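Welcome, and thanks for taking a look at this one. Here is a short briefing to read alongside the model.

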Amino acid sequence: VCSMGNSTSRLYSALAKTLSSSAVSQHQNCLEQVDVAQLDPIDPKDLLEECQLVLQKRPPRFQRDFVDLKKNAASNHRPIRVMQWNILAQALGEGKDNFVQCPMEALKWEERKCLILEEILAYKPDILCLQEVDHYFDTFEPLLSRLGYQCTFFPKPWSPCLDVEQNNGPDGCALFFLKDRFELVNSANIRLTAMKLKTNQVAIAQTLKCNETGRLFCIAVTHLKARTGWERFRSAQGCDLLQNLKSITQGAKIPLIVCGDFNAEPTEEVYREFSNSSLNLNSAYKLLSPDGQSEPPYTTWKIRPSGECRHTLDYIWYSQHALNVNSALGLLTEEQIGPNRLPSFHYPSDHLSLVCDFSFNQDPDRLL
């Protein structure tokens, strides 16, 4: 069990049986031993303090500000805060990704998980969409369920994490929503296809009912195929996901938010497919640009043996006819990121978190 502060944290003591870095077979044994529904709720302020104790020797968290994007549109309900983040699978960060400028000490899970939790706790999302989650059962499900989230995980069928010695099981997509704000209406785990073949990439799509407004909406999370040369493959995966989402949203009658690491720049075909879809989607982070038409210059920035990689790969898409973007979290500046890029002692992932506040359009019948 991770020591948090001067002794084993009281918040982590109930999780002792689940905190493990064992392989999948041992990992499954842990799942049978612990029923997260039986764990006591925890105060997010207490957990944040525990994380900050662990991180006291690390630099302070970066200051990022929300940019107000409201266009004088009054809303009669609390905004819905959505957070999208590829958190970097622990097995890949330590074993395969070769971040040549990042000290191995900065990647230690005992501290890096606290950096991840600190970021989540700081922004307090109502809905959290994560990729590259390989510590779901021993960290994120036990903790976030105790913070009031309903949790869903869908691993990759052939996760590259399993090729790393002393891995913690497969990585995959995870979706979390606050149970006191939303009711689950429908949930679908989607294994994406390309050229009629099942692939190693997945998505989760859930239809939720907003308790405050009674409105339905769909939230989806995905992680498309990585690497140069796979553009047509990503395009086919994107088409498959869009077809699934058209069915789930009844052809855009239900508002939609799609979060993901698309591994695709805005110049790629899969980006154009989402932009031109009959679901009438827009990319929320375009709204931060002066003309509202340009994506950020980067959402990931790292240095590998092959050189420096700065790309825009992460997106929050939304139904622009049914939803408004009230605000979006500004990105880290180049100065904040620093010359050694990401990840680092300051920041736990090679991808930046994206956070948006959404409100429903006041005319629910105003569709496409």
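**Charges over rings**

The charged end of Arg310 sits over the ring of Trp301, 5.2 Å from its centre; a charge sits over a ring if NZ of Lys or CZ of Arg is within 6 Å of the ring centre and within 35 degrees of the ring normal. Lys225 likewise has its charged end over a ring, that of Trp230, 4.6 Å from the centre.

This is a predicted model, where local features need pLDDT of at least 70, side-chain atom pairs count only at pLDDT 80 or more, and totals for chains, interfaces and linings use all residues. Residues are numbered from 1 along each chain as its sequence is written, and side-chain values use heavy atoms, with hydrogens and water left out.

**Aromatic pairs**

- The structure holds 20 aromatic pairs (rings of Phe, Tyr and Trp, its six-membered ring, with centres within 6.5 Å; planes under 30 degrees apart are stacked, over 60 edge-to-face, the rest tilted).
- Trp85 and Tyr347 form a tilted pair, with ring centres 5.9 Å apart and planes at 50 degrees.
- Trp85 lies in strand β4 and Tyr347 in the loop between α9 and β17, so the pair ties together parts 262 residues apart in sequence (strands are DSSP E runs of at least two residues, helices H or I runs of at least four).
- Trp85 is buried at 0% relative accessible area, and Tyr347 is buried at 2% (buried means under 20%, exposed over 50%, partly exposed in between, with a 1.4 Å probe and protein chains only).

**Helix α5**

- Twelve of the 15 residues of α5 are buried, so this helix is largely enclosed by the rest of the structure.
- Lys124, with a positive phi near 50 degrees, follows α5.
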